[in-house]
Amino acid sequence: MGEEKEVISHVITTPPFEVEVPKTLHQIGQDSWFQVGLVLTTTVNCAYALGYAGTIMVPLGWIGGVTGMVLSTIISLYASTLMAKIHQYGEKRHIRYRDLAGFMYGYRAYAIVWGLQYANLFLINIGFIILGGQALKAFYLLFREDHEMKLPYFIIIAGLACVFFAVSVPHLSALGVWMAVSTFLSIVYFSIAFALCLKDGINAPPRDYSIPGSSSSRTFTTIGAAASLVFVYNTGMIPEIQATVRAPVVDNMLKALYFQFTIGAVPVHAVTYMGYWAYGSKSSSYLLYNVSGPVWLRGLANIAAFFQSIITLHIFASPTYEYLDTKYRISGSVLAFRNLSFRTVVRGGYLAITIFLSALLPFLGDFMSFTGAISTIPLTFILPNHMYIVAMRKQISSLQKSWHWFNIVFFSCLAVAALVAAVRLIAMDSKTYHAFADL
C-alpha cells in the first residue's frame, strides 16, 4: 500500500472563507504516466462504449454523430489539459477537485464542487451496475430463453461482485495489474463486437439511417445525445487521477492524457461507427444485444464486458472510498481485520444503495444524459475554463480570456438544455417502464 500517511489538516485561506483540507491516507504520487494513461483509457473504453451507437449515433445520424464524436474528443482533451496544468496552482498540489475549488474560491465553492462531483460519480456508478446487469442478462439469454431471471436479479449479482472487488482493492493505485486485465477485457469485447458487426453489416439488407421520432422529440433527443457526448471522454475527477502520478506531475499527466485521446480513443470510435453502420436506427443502447454469431463468442464478449464494468466502477468510486478511509483513519495492512471489516460494511453499504437504485430505475441511456447535464458538463467544461482564467489571469491575453468566457457561457447553456431534455426522457420512460423493470 506504500508508505502510510498521518492524517494532518491544513487550512486554506481565501478571505472571507477558510477551508480545512485533510491529507489523504491513500497512496499519492507513485504511479507512472503510463499506468495513469491506462486508468484514463479504461474510463473511455469501458463497456459504456458499447451503447454509443444507440445513444449517440441514432439520435444524431451519420453527420451529426461523427462530427459530435470527433469534436467531443478534441474539446475534452483541451478541457482536461486545462485542469492538468493548474494541478499545482499556488505552488501546492491539489489532490482533490474540491480542494482546488476551495483554494481558488473559498468554502462555498468547495462544498458545491464536492456535491456535484459525488453526484456525478454516484450516477456513473449506477450506470455501471446497470451495465454489468445487462451484460449478465445478455449472457444468460444466449443459453436460456425462459426469462425467469429478470434484469433486477442480474443487477444485484453485478452489484455484489462490485462489493467483493471494492473490499479487495483498497485504493486507486492498488489497481496495478487490474489495469492490464481491464485493457485485455476491453480488447476482447471490442474485437468481438467489431467483427460481428462487420459480418452482420455485410450480410444485412440496406439499413435505415433516418433519425427516429417527430420533429419536436428529435430536438430533445439531440440535446440528450449532446450530453452523452460530453460523458464519453470525461470523468469529472482529473485532479484525483492526477494525484496518483509521480513527479513531474503536470508533464506526466499531459502524457497520460495524450495517450488517452489518441491510441485510447481509437476503439470507442471504431466500434461506435461500425455498430451504427451495421444496424442503423435499430442500434440498441447495448450493442451486444444486436450482434449475431457463435454463441460462445457472444458469451465471451458479454462476460468480458461484465468484469470490465466492475473494474471501471472502482475507478469512479475511488474518490468516495478515499474520503471515507481518510475520515475514519483506515490505514495500515490491507488485510487487517479492522480495515477489511470497514471496507465490507461501509463500501458495501454505499454500493447497496447504488444497487437498489440501479434495479429500481434501470434506464441506462437516461442516466448518461442526466449525469452529463447536472454534473459532467459543469465539472469538465465550465469550471476548468473559469479556473484557468483565475490561475493564469496574469499570463493570458484578453482574447484568450474572451475565448474561455465563451466556453463558460456556451456550456452553461448546453447544461441547462441537456437537463431539461434528460428530465423529459426519464419522465417518459418512467411512464413506459415500471419500477424494477425487466428491460
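The second largest pocket of this predicted model has a volume of about 310 Å³. Its lining consists of 16 residues. To find the pocket in the structure, look for Ile75, Ala226, Leu229, Phe410 and Leu414, which lie nearest its centre. Helix 2 provides the largest share, with seven residues. Sorted by class, the lining of the second largest pocket contains eleven nonpolar and five polar residues, and no charged ones.

From the pocket we can turn to the cavities. The model has five cavities of 30 Å³ or more. The second largest cavity holds about 80 Å³ of space. Its lining is made of 15 residues, and those closest to its centre are Ser80, Met83, Ile238, Leu379 and Thr380. Two or more lining residues of the second largest cavity come from each of helix 2, helix 8 (238–242) and helix 13 (364–391).

Which helix gives the largest share of the lining of the second largest cavity? That is helix 2, with four residues. Helix 2 also gives the largest share of the lining of the second largest pocket. The lining of the second largest cavity divides into nine nonpolar and six polar residues, with no charged residues.

The last stop is a pair of packed helices. Helix 6 (residues 177–203) and helix 10 (residues 266–279) have axes 8 Å apart and pack at an angle of about 25 degrees. Why do helix 6 and helix 10 count as roughly parallel? Angles under 35 degrees are given that name, and the angle here is about 25 degrees; helix 6 and helix 10 are therefore roughly parallel to each other. The crossing of the two helices is left-handed.

On the side of helix 6, the contact is made by Phe190, Ala193, Phe194, Leu196, Cys197, Leu198, Asp200, Gly201 and Ile202. On the side of helix 10, the residues in contact are Pro267, Val268, Ala270, Val271, Met274, Gly275, Trp277, Ala278 and Tyr279. Taken by class, the residues of this contact comprise 15 nonpolar, two polar and one charged.

How values were computed. Residues are numbered from 1 along each chain as its sequence is written. This is a predicted model: local features need pLDDT of at least 70, side-chain atom pairs count only at pLDDT 80 or more; totals for chains, interfaces and linings use all residues. Side-chain values use heavy atoms; hydrogens and water are left out. Axes are lines fitted to C-alpha atoms, for helices over the stretch in contact, and angles run from 0 to 180 degrees between N-to-C directions. Angles under 35 degrees count as roughly parallel, over 145 as roughly antiparallel, 65 to 115 as roughly perpendicular and the rest as oblique. A crossing is left-handed if the near helix is turned anticlockwise from the far one by less than a right angle, and right-handed if clockwise. Contact means heavy atoms within 4.5 Å. Ala, Val, Leu, Ile, Met, Phe, Trp, Tyr, Cys and Pro count as nonpolar, Asp, Glu, Lys and Arg as charged, and the others, Gly among them, as polar. On a 1 Å grid over the protein atoms alone, a cavity is a set of points where a 1.4 Å probe fits but cannot get out, and a pocket is an open set with protein on both sides within 12 Å along at least five of seven lines; lining residues have an atom within 4 Å of a point. Grid points are joined across faces, edges and corners, and a volume is the space filled by probe spheres set on the points.
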